[in-house]
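This report describes a protein for a reader who has the sequence and the three-dimensional structure at hand. Please keep both in view while reading.

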Amino acid sequence: MANALEPEVRVNSVLPGVIDTAMIREDVLTVGVECAERYRDRIPLERFVKPSDVADVAVFLAGDAAITAAARGWWSTVG
């Protein structure tokens, strides 16, 4: 898609990991806190992605600083 639309349109995607939301916190109660902590501890920064982390990547991609960023997937996984 990026090749078909460039240079007028830049095509990128944001690929977040587990986002710390109310739904995830409810799921933690279902699977158990210990299980969720084991998963979280495998993440290098030892925390889930915050919604603001994803927003920061999207704002960057929408701005002039990302003018050369095209046809990429941007991982927002805190590690």
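R25 takes part in a salt bridge with D20, and their closest N and O atoms are 3.1 Å apart. A salt bridge here is a side-chain nitrogen of Lys or Arg within 4 Å of a carboxyl oxygen of Asp or Glu. D20 is also partly exposed, with a relative accessibility of 29%.

## Basis of the description

The model is predicted, so local features need pLDDT of at least 70 and side-chain atom pairs count only at pLDDT 80 or more, while totals for chains, interfaces and linings use all residues. Residues are numbered from 1 along each chain as its sequence is written, and side-chain values use heavy atoms, with hydrogens and water left out.

## Overall architecture

The protein contains four helices and two strands. Their order from the N terminus is α-β-α-α-α-β. Helices (H or I, at least four residues) and strands (E, at least two) are DSSP runs, numbered from the N terminus.

The protein has 79 residues, of which 19% count as buried. Contact means heavy atoms within 4.5 Å. Among contacts with a separation of 6 or more, 73% join residues 24 or more positions apart. The protein exposes about 5,800 Å², and carbon and sulfur atoms supply 58% of this area, as computed by the Shrake-Rupley method with a 1.4 Å probe.

Helix α4 covers residues 51–62, twelve residues in total, and reaches 17 Å from its first C-alpha to its last. This is close to the 16 Å expected at 1.5 Å a residue, where the expected span is 1.5 Å times one less than the number of residues.

Which residues of α4 are buried? They are D53, V54, V57 and L61. These residues lie on the same side of α4, because they cover an arc of only 100 degrees around the axis; the arc is that of the directions from the helix axis to the C-beta atoms. On the other side of α4, D56, V59 and A62 are exposed.

## Further salt bridges

A search of the whole structure finds four salt bridges. One of them joins D53 and R47, with the closest N and O atoms 2.9 Å apart. D53 is buried at 15% relative accessibility, whereas R47 is partly exposed at 29%. The C-alpha atoms of D53 and P16 are separated by 8.7 Å, although these residues are 37 positions apart along the chain.

Another salt bridge links E34 with R38, at 3.0 Å between the closest N and O atoms. Both residues belong to helix α3 (residues 33–41), and because they are four residues apart, about one helical turn separates them. An α-helix has 3.6 residues a turn, so residues three or four places apart point the same way. E34 is exposed, with a relative accessible area of 58%, and R38 is partly exposed, with 48%.

Where does V18 lie? V18 is in the loop between β1 (12–16) and α2 (22–31), and its relative accessible area of 24% makes this residue partly exposed. Apart from its neighbours within four places in sequence, V18 is in contact with I24, Y39, F48 and V49. V18 and R47 are 29 residues apart in sequence, and their C-alpha atoms are 9.2 Å apart in space.

Note on methods: Buried < 20%, exposed > 50% of the residue type's maximum accessible area, 1.4 Å probe, protein only.
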